[in-house]
Amino acid sequence: MNHIKLKMRYITQSLSLITILVLLTSCHSTKYFAGNNIVIETTPGAALLWKDGKFDGGFLVTNAGFLKSGNAIRTANDKGIAVFSLSKSAYHRNKLKKIMIAKEGFEPQELKLATKFNSRVLWSIFFPPAFIWGKYTTLDPKGENKLLLSQKSKHTASEYWEAANSAKKNREKIELLKQALYQDPLNAQGIGIQAANQLCDAYFDKKDYDIAKQYATAMLLMNPHHDKGREKAEQIRLALAEKTAKKARRLERIQKTNKALQAFNTALASSNTATISNGSTNYSQSSDSSVQKSSSKGRKKVSVSDAQNEMRDRRTYSNYVDQLSRMKTGLDPYNDTNRRNIQEKMRQLRTKHGFPKNELEDWDGSK
């Protein structure tokens, strides 16, 4: 018996050691999250934009698409060199694998960042199913990323702009707007920022807020004091906040519904138990059988009905939370009387069932 215990302890310790080694040397090590300097060799003065991925349409800036003070649009210097920082984690997580290189007068070209074999995937040998979803290639910081623009553009920025505004299909319009932006990536002609503005609207209407955010950021990178850019950036921020809050509320509703179902099942089980118990007594007490049976059915109906009412009221309370949230974020017009009425109904429902209190129940109407 002791021999078996020692053997099991040895196996456990060995597995723990292997797990630690995998964590220290796998893709989740410190190097995986550390930024790598990526060097791009291209035409002098060319602008670099992300192609596809989470930052699609966003200019290449120091912090990979996030607007911060001091950042500027990433352009190649007079020797055609551009350097930016990118971690392997961001490369995979945000799918930042391609760059669009654009300059006025040239056809834009797509550059795929250099990759190499991801040797860390071999650690999946300790858990073979991981080979199925393993990433077999990864970013190669030392690889060559070189692409020179050589083909002259077929149309000017203004020509693409006019064609985009005449396009009937939304998909065609988006592609033409992108071409207009590629022909004026630094807004030298005043068209680039207008194209980014319309692209921002197009993706916002499709509820693709992450890409819309990149075009709003591009507008502000071209002109930090652009009022429309600031307005759109704030609009997108509110939409993203509402999207996050909606997910949280959906999860909360699911949890509440599960609790209500558990309460319903508990009440139903209790009622069935009481019915069976009363039924067994009825064999010896025939004179009281009809009274006990009707009482049991009454308790069962009351318990089930209460559980159903609570579930319905929980959904109503959650809907009130949604209404107040949309009013607070500006997605719905603010109405002070309506706010007060909703909050009063929320308090009544919460008092009746003892719901957890939502913070919007005490919202004073301020933004």
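In which helix does R237 lie? I found R237 in helix α9, where helices are DSSP runs of H or I with at least four residues, strands are runs of E with at least two, and both are numbered from the N terminus. I kept in mind that this is a predicted model, in which local features need pLDDT of at least 70, side-chain atom pairs count only at pLDDT 80 or more, and totals for chains, interfaces and linings use all residues. Residues are numbered from 1 along each chain as its sequence is written, and side-chain values use heavy atoms, with hydrogens and water left out.

**Helix α9**

I noted R237 as partly exposed because its relative accessibility is 45%, the class between buried (under 20% relative accessible area) and exposed (over 50%), with a 1.4 Å probe and protein chains only. I then looked up the C-alpha atoms of R237 and T329, which are 92 residues apart along the chain and are separated by 9.9 Å.

Helix α9 covers residues 227–282 and also holds K246, which is partly exposed with a relative accessible area of 38%. I recorded K246 in a surface patch of positive charge together with K207, K243, K247 and R250. Patches take residues with over 30% relative accessible area and no salt bridge, joining like charges within 9 Å and nonpolar side chains (Val, Leu, Ile, Met, Phe, Trp, Tyr) within 5 Å. A salt bridge here is a side-chain nitrogen of Lys or Arg within 4 Å of a carboxyl oxygen of Asp or Glu; Lys and Arg count as positive, and their charges are placed at NZ and CZ.

**A nonpolar patch**

I listed F117, L122 and Y136 as a nonpolar surface patch with about 310 Å² of accessible area together, areas coming from the Shrake-Rupley method with a 1.4 Å probe. F117 sits in strand β6, residues 115–117, and is partly exposed at 47% relative accessibility.

Strand β2 runs antiparallel to β4 (residues 98–102), joined to it by 5 bridges, where pairing requires at least two DSSP bridges; W50 stands opposite I99 in β4.

D52 falls in the loop between β2 (47–51) and β3 (81–87), and I noted it as partly exposed at 33% relative accessibility. Its phi is positive, about 70°, although D52 is not a glycine. Most residues other than glycine have a negative phi. N187, likewise not a glycine, has a positive phi near 60°, and I placed N187 in the loop between α6 (170–183) and α7 (192–205).
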